[in-house]
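The sequence and structure are shown first.

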Amino acid sequence: MRGQRRPTNCVFCGEPDRVVYEDGEFIAFHDIKPDAELHLLVVPREHHGTVRELGPDDLPMVRRMHEIGRQLLEERGYTGAAARFGFHRPPFNSVHHLHMHCLGLPFRPSRASIMFPAAGSPWFMTPDQLKARLMGIA
């Protein structure tokens, strides 16, 4: 799905604080309410709703978001089991603008692990699960 009309009240369509990466298509910044030792969000600059609104044409965007997130966590020493990535599914997303959580573990507080399960859940989708769905595999 192509980008959507930019809503006037979208907090991610503005210029966030604590930016760690930006290019013409994406921006990454620290989450304002971190749930892990490091908690970054990777966001497309063009407004997209949620994972439910994406289609096969959005696969390259999701792949790039995952690449950016992985690179940012690796640069900061989080790899393998110490790195977790994913998207909340509606209605569990807090902002109606596509964003990928990039978590450098451990969780803080530890109960936050429930919101970001490694294998995905009805409320959280890993990048690989989303890519499979967009390719028509899942």
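## Pockets, cavity and helix packing

The largest pocket holds about 440 Å³ of space. Among the 22 residues of its lining, Phe12, Asp31, Ile32, Leu41 and Ser94 lie closest to the pocket centre. Strand 2 (26-30) and strand 3 (36-44) are the elements that give two or more residues to this lining.

The model is predicted: local features need pLDDT of at least 70 and side-chain atom pairs pLDDT 80 or more, while totals for chains, interfaces and linings use all residues. Residues are numbered from 1 along each chain as its sequence is written, and side-chain values use heavy atoms, without hydrogens or water.

Pockets and cavities are found on a 1 Å grid over the protein atoms alone; a cavity is a set of points where a 1.4 Å probe fits but cannot get out, a pocket is an open set with protein on both sides within 12 Å along at least five of seven lines, and lining residues have an atom within 4 Å of a point. A volume is the space filled by probe spheres set on the points, which are joined across faces, edges and corners.

The second largest pocket has 14 lining residues, of which His66, Gly80, Ala83, Arg84 and Phe85 are the closest to its centre. Helix 1, strand 4 (83-88) and helix 2 each supply at least two residues of that lining. Helices (H or I, at least four residues) and strands (E, at least two) are DSSP runs numbered from the N terminus.

A search of the whole structure finds 1 cavity of 30 Å³ or more. Its lining includes Gly49, Thr50, Phe87, His88 and His99.

In the table, Ala, Val, Leu, Ile, Met, Phe, Trp, Tyr, Cys and Pro count as nonpolar, Asp, Glu, Lys and Arg as charged, and the others, Gly among them, as polar.

| Space | Volume | Lining residues by class |
|---|---|---|
| Largest pocket | about 440 Å³ | 11 nonpolar, 6 polar, 5 charged |
| Second largest pocket | about 190 Å³ | 6 nonpolar, 4 polar, 4 charged |
| Largest cavity | about 60 Å³ | 4 nonpolar, 6 polar, no charged |

Helix 1 (residues 59-75) packs against helix 2 (residues 127-134) at an angle of about 165°, with the axes 10 Å apart. The two helices are therefore roughly antiparallel (angles over 145 degrees). In this packing, Leu59, Val62, Arg63 and His66 of helix 1 meet Pro127, Asp128, Leu130, Lys131 and Leu134 of helix 2, contact meaning heavy atoms within 4.5 Å. By class, this contact has 5 nonpolar, 1 polar and 3 charged residues.

Key. Axes are lines fitted to C-alpha atoms, for helices over the stretch in contact, and angles run from 0 to 180 degrees between N-to-C directions. Angles under 35 degrees count as roughly parallel, over 145 as roughly antiparallel, 65 to 115 as roughly perpendicular and the rest as oblique.
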